[in-house]
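Here is a brisk report on one protein model. It covers the sheet, a helix pair and some backbone details.

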Amino acid sequence: MTDIPMIETPSPNYDERSLPITMLVLHYTGMPDAASAINWLANAESKVSAHYVVTEDGQIIRMVAEDKRAWHAGRSHWRGIDDVNSASIGIEIVNPGHEWGYRPFPEAQMGSLIPLVHDIVQRHRITRGNIVGHSDIAPARKQDPGELFPWGQLARLRLALPRPTKNLMDPHWTDSGFMLALERFGYDIAEPEPAVVAFQRRFRPELIDGIIDGECRAILLALLLPKPIGDD
């Protein structure tokens, strides 16, 4: 499978996949510390799990085999897929999250996460557009890995879609037109404002206000073009 060093801490919380692996979902643990998160993910009563956990000091814990369906995504949707758990590999990144003191992701953590992501993406041939955050697939419920997550660092390594920055043009869509484009890109738009917030958190984290403006429209238009133009 992989020669990346990791600690085995099996979770009982998994079942069989019903779809091929086409996605990678990044989460933060959102708990006070790594031990609490790992214990929870390994607890049969929690009914949650992930394939991997990456600690702040860079340790990688494997909890569910990749060929099994871990229970990390919950009720979610991305690009026509509703059973995201069956189609994805889930990585939990240790971070207290917005509830317990959200903070930047340290270099040691990213230094382990990036090779892990690269390894998974290469083996399963996951496209950049299907490397997503939990907030992308469940905008009404989740905000992780959040606005401090360095998506740009992954994008420069072609491990995520880049934020479009060049030749941006506002298509002047109506708000409903923007929502249709957002749905076409992949988001669940059943609750419009959370979907806009999730899009901003991912692609314009410096201003997350849920308001559709010219910059949001221009970024989304660029993302829908055949070749994303950004800072990669």
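## Ground rules

Two strands count as paired if DSSP finds at least two bridges between them. Strands themselves are DSSP runs of at least two residues, numbered from the N terminus. The model is predicted.

## The sheet

Six strands make up an open sheet. Their order is E1-E5-E4-E7-E3-E8, and the pairing is mixed. Strand E1 (7-8) and strand E8 (131-133) are the edge strands, each pairing on one side only. In general, sheet strands pair through backbone hydrogen bonds, either parallel or antiparallel.

E7 sits between E4 and E3 in that order. Strand E4 (residues 52-54) pairs with E7 in the parallel sense, over three bridges. Here Val 53 has Glu 92 of E7 as its bridge partner. Strand E3 (residues 23-28) also pairs with E7 in the parallel sense, over six bridges. Tyr 28 has Ile 93 of E7 as its bridge partner.

## Strand E7: covered or open?

How many of the six residues of strand E7 are buried? Six of the six, in the run 88-93, so the strand is largely enclosed by the rest of the structure. Buried here means under 20% relative accessible area.

Both faces of E7 are covered. One side carries Ser 88, Gly 90 and Glu 92. The other carries Ile 89, Ile 91 and Ile 93. All of these residues are buried.

## Helix H7: two sides

Helix H7 spans 175-185. Its buried residues are Phe 178, Met 179, Ala 181, Leu 182 and Phe 185. They cover an arc of only 160 degrees around the axis, which puts them on the same side of H7. An α-helix has 3.6 residues a turn, so residues three or four places apart point the same way.

On the other side of H7, Ser 176, Leu 180 and Arg 184 are exposed. The cover over the buried residues includes H8 and helix H9 (214-224). Gly 186 follows H7, with a positive phi near 150 degrees.

## H7 against H8

Two packed helices are described by the angle between their axes and the distance between the axes. What are these values for H7 and helix H8 (residues 192-203)? The axes come within 11 Å and cross at roughly 60 degrees. The crossing of H7 past H8 is left-handed.

From H7, the contact is made by Phe 178, Met 179, Leu 182 and Phe 185. From H8, it is made by Pro 192, Ala 195, Val 196, Phe 199 and Phe 203. By class, the contact has nine nonpolar, no polar and no charged residues. Phe 178, Met 179, Leu 182 and Phe 185 are also among the buried residues of H7.

## Backbone details in the loops

Where does the cis peptide bond fall? It joins Asp 144 and Pro 145, with omega about 5 degrees. Pro 145 lies in the loop between helix H5 (134-137) and helix H6 (151-156).

The loop between H6 and H7 holds Arg 158 and Asn 167. Arg 158 is not a glycine, yet its phi is positive, about 60 degrees. Asn 167 is not a glycine either, and its phi is positive at about 55 degrees. Is Asn 167 buried or exposed? Its relative accessibility is 67%. Exposed means over 50%, so Asn 167 counts as exposed.

Key: Residues are numbered from 1 along each chain as its sequence is written. This is a predicted model: local features need pLDDT of at least 70, side-chain atom pairs count only at pLDDT 80 or more; totals for chains, interfaces and linings use all residues. Side-chain values use heavy atoms; hydrogens and water are left out. Helices (H or I, at least four residues) and strands (E, at least two) are DSSP runs, numbered from the N terminus. Buried means under 20% relative accessible area, exposed over 50%, partly exposed in between (1.4 Å probe, protein chains only). Axes are lines fitted to C-alpha atoms, for helices over the stretch in contact, and angles run from 0 to 180 degrees between N-to-C directions. A crossing is left-handed if the near helix is turned anticlockwise from the far one by less than a right angle, and right-handed if clockwise. Contact means heavy atoms within 4.5 Å. Ala, Val, Leu, Ile, Met, Phe, Trp, Tyr, Cys and Pro count as nonpolar, Asp, Glu, Lys and Arg as charged, and the others, Gly among them, as polar. The arc is that of the directions from the helix axis to the C-beta atoms.
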